[in-house]
Amino acid sequence: MDANRLRAACRQLDHAVDRPFGTALNPLRHLGALGVLLFCLIAASGLYLYVVLDTSAAGAYRSIERLAREQPHVGGLLRSLHRYAADAFVIVMLLHLLREWLFGRYSGFRRFSWLTGVPLIGFAFASALVGFWLNWDQLGQFSALATAEWLDALPLFATPLTHNFVGTGAIDDRLFSLFVFVHLGVPLMLLFGLWFHLQRISRPEVMPPRALALGTLAMLVALALVHPVTSQAPADPARVPQLLAYDWILLAIHPLADATSPAAVWALVLLSLGLLFALPFLPRRAAAVPVARVDPSNCNGCRRCFDDCPYAAVTMLPHPDAQKRRLGRELAQVDADLCASCGICVGACPSSTPFRSLAELVTGIDMPSEPIGALRRRLQQQLAALPGPRRIVVFGCARGARVEALAAPDVAALGLMCIGALPPSFVEYALRDGAGAVLVSGCRANGCEFRLGQRWTEQRLAGTREPRLRAAVPRTQVATAWADAGEEDRLHAALARLRAGLDAPEAVRHG
Ligand code: HEM
Ligand code: SF4
Ligand code: SF4
């Protein structure tokens, strides 16, 4: 299956989940944010467990049992919540990874996000594994011994680690304190790694929408109440523990090693990590698109491109001209390594307005591959070629439903690299230049390839974000259609509504 087919299958899955949840609450569209939420739940419930945990090898099991027996509604619940949130965290993290991979979001300007994501997998599994040991029941003992056997498969230690876990009185408080230290320290490293992971993303979505967050919490609490986590028999250092009830998500490594061998699992883990780290460096077929370029003579230092760039590629510097600098003027600058070539900054720049009388429209920040002046020319030419007052202009996104599919004698269809690259003044310009109505289309909400293009466009058209579509523009002549690639029928439906609306101006326009 080639990459495009995989992406299309992924999008179909998104649409199937959109049906019951809506695009705003589809969990697949918020996996990163759900991961952060689950991390917070794990940390909050873990903090309480830490307070009651006796951190000695002999007392740990008893302290957790007491917790479940004496405070089933708070302590017992938090204990179960801690475990189920950890299971959910690992599932959500792996789905997030799979999704980014299937959508091809791992190279170029996303390389940093990808590479800083990979170590998080190791941190998540390592801290979960050690968490089982803190209970020091037979499952914890089994896991500690199996992990030691696995580590012993590497020629790293002079004395095999397994010696720590077999024989009477094998485990001492010092070793147990080390478990506690690792179980607390590794999540801190994960948190630090997460901060790195989000460095190249402006306005990262770190919390899912409230309804989704509450739904996730309710589901975990229900699971904890219906199926509370219980300890198994206490660890017995004199006996090799038998496997009782198992957590197949967090402890998957042990049955895998049992079914194959510790060396085979090492090979699998190292190969998988190696492939994940190598992926962003593999050659890809897509041609590189030139990055955004600032024209100092058209930049007034307003910072809108800086605010709207989804990948923090724009920085504002003191103006190089001493006189302007003295007046406090700044100048935008693009970091080519961070730029996604999405054009969202062009849509944000006040100099991108087509009403300027320049023969060749030049703006403050522009995309060399699709300059804003060329968009104005295309619009003028296409409108001039269409007859009559019922002309409709469609602005669309190259990643979303194909606007070219709308070609008709009354339609001027213009595709952009991202709909966020459309300055809203172009909508007014099209209407003033003879269009009867304008349709603006882009990917479904929360599905923008460049994260924020659809959202900014919606806000700019609604007049809640700069640059705004002026309030004087008759909204009955403007419609939006948020449709992914392959959903051209949605565009056709929106167009049909617009055509009907040209005869009956009060018709509903948004879909
Ligand atoms: C510990 C688990 C993880 C959490 C909590 C997490 C969280 C997040 C969040 C909140 C975002 C920003 C989403 C947005 O606002 O658009 C993000 C982006 C991203 N993550 Fe993760 N992440 C995790 C692990 C990973 C892993 C393991 C990978 C892959 C190896 C990965 C790859 C990416 C990529 C490539 C992006 C950028 C997406 C884009 O540019 O549109 N993440 N992550
Ligand atoms: S093209 Fe996109 S990523 Fe590059 S500077 Fe403009 S908004 Fe930022
Ligand atoms: S939006 Fe345009 S004018 Fe404003 S800082 Fe960016 S390039 Fe300069």
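Trainee: How many of the 5 residues of strand β8 are buried?

Mentor: In this predicted model, strand β8 covers residues 478–482 and is largely enclosed by the rest of the structure. V478, T480 and W482 point one way from the strand, while A479 and A481 point the other way, and all are buried. The number of buried residues in β8 is therefore 5 of 5.

Trainee: Which residue stands opposite A479 of β8?

Mentor: Strand β7, residues 437–442, pairs with β8 in the parallel sense. Their pairing extends over 5 bridges. Opposite A479 stands L439.

Trainee: Which strands stand at the edges of the sheet?

Mentor: The sheet is open and has 4 strands, in the order β6-β5-β7-β8 with parallel pairing. A strand with a single partner has one side left without a neighbour in the sheet, so the strands to name are those with a single partner. These are β6 (411–416) and β8.

Trainee: What is the bridge partner of V393 in β7?

Mentor: Strand β5, residues 392–397, runs parallel to β7, and 4 bridges join the two. The partner of V393 in β7 is V438.

Trainee: Which strands does helix α17 touch where it packs on the sheet?

Mentor: Helix α14 (residues 372–385) packs on the sheet and touches β5 and β6, its direction making about 165 degrees with that of β6. Helix α17 (residues 488–503) also packs on the sheet, and its direction makes about 165 degrees with that of β7. The strands that α17 touches are β5, β7 and β8.

Trainee: Are helices α3 and α4 perpendicular or oblique to each other?

Mentor: Helix α3 (residues 60–70) packs with helix α4 (residues 72–102) at about 125 degrees, with the axes 6 Å apart. I64, L67 and A68 of α3 meet P72, G75, G76 and R79 of α4. By class, this contact has 4 nonpolar, 2 polar and 1 charged residues. Given the angle, the two helices are therefore oblique.

Trainee: Which element gives the most residues to the shell around ligand 1?

Mentor: Ligand 1 is surrounded by 28 residues, with G32, G35, G117, L120 and E205 the closest. Two or more residues of this shell come from each of α2 (31–52), α4, α5 (111–134) and α7 (173–197). The shell divides into 17 nonpolar, 6 polar and 5 charged residues. With 7 residues, the element giving the most is α5.

Trainee: How many charged residues has the shell around ligand 2?

Mentor: For ligand 3, 15 residues form the surroundings, and C299, C302, C305, C349 and G364 are the closest. That shell divides into 9 nonpolar, 4 polar and 2 charged residues. Around ligand 2 there are 14 residues, of which C309, C339, C342, I344 and C345 come nearest. The shell of ligand 2 has 12 nonpolar and 2 polar residues, and the number of charged ones is none.

Trainee: Is F109 buried or exposed?

Mentor: F109 lies in the loop between α4 and α5. F109 touches Y311, L338, C339 and A340, leaving aside residues up to four places away in sequence. From A336, F109 is 227 residues away in sequence, yet 8.9 Å away in space, C-alpha to C-alpha. With 21 other C-beta atoms within 10 Å, F109 is buried.

Terms used: Residues are numbered from 1 along each chain as its sequence is written. Chains are lettered from A and ligands numbered from 1 in the order in which they are written. This is a predicted model: local features need pLDDT of at least 70, side-chain atom pairs count only at pLDDT 80 or more; totals for chains, interfaces and linings use all residues. Axes are lines fitted to C-alpha atoms, for helices over the stretch in contact, and angles run from 0 to 180 degrees between N-to-C directions. Angles under 35 degrees count as roughly parallel, over 145 as roughly antiparallel, 65 to 115 as roughly perpendicular and the rest as oblique. Two residues are in contact if their C-beta atoms, placed from the backbone, lie within 7 Å. Ala, Val, Leu, Ile, Met, Phe, Trp, Tyr, Cys and Pro count as nonpolar, Asp, Glu, Lys and Arg as charged, and the others, Gly among them, as polar. A residue is near a molecule or strand if its C-beta atom, placed from the backbone, lies within 6 Å of it. A residue is buried if 20 or more other C-beta atoms lie within 10 Å of its own, exposed if 12 or fewer, and partly exposed in between; C-beta atoms are placed from the backbone. Two strands pair if DSSP finds at least two bridges between them.
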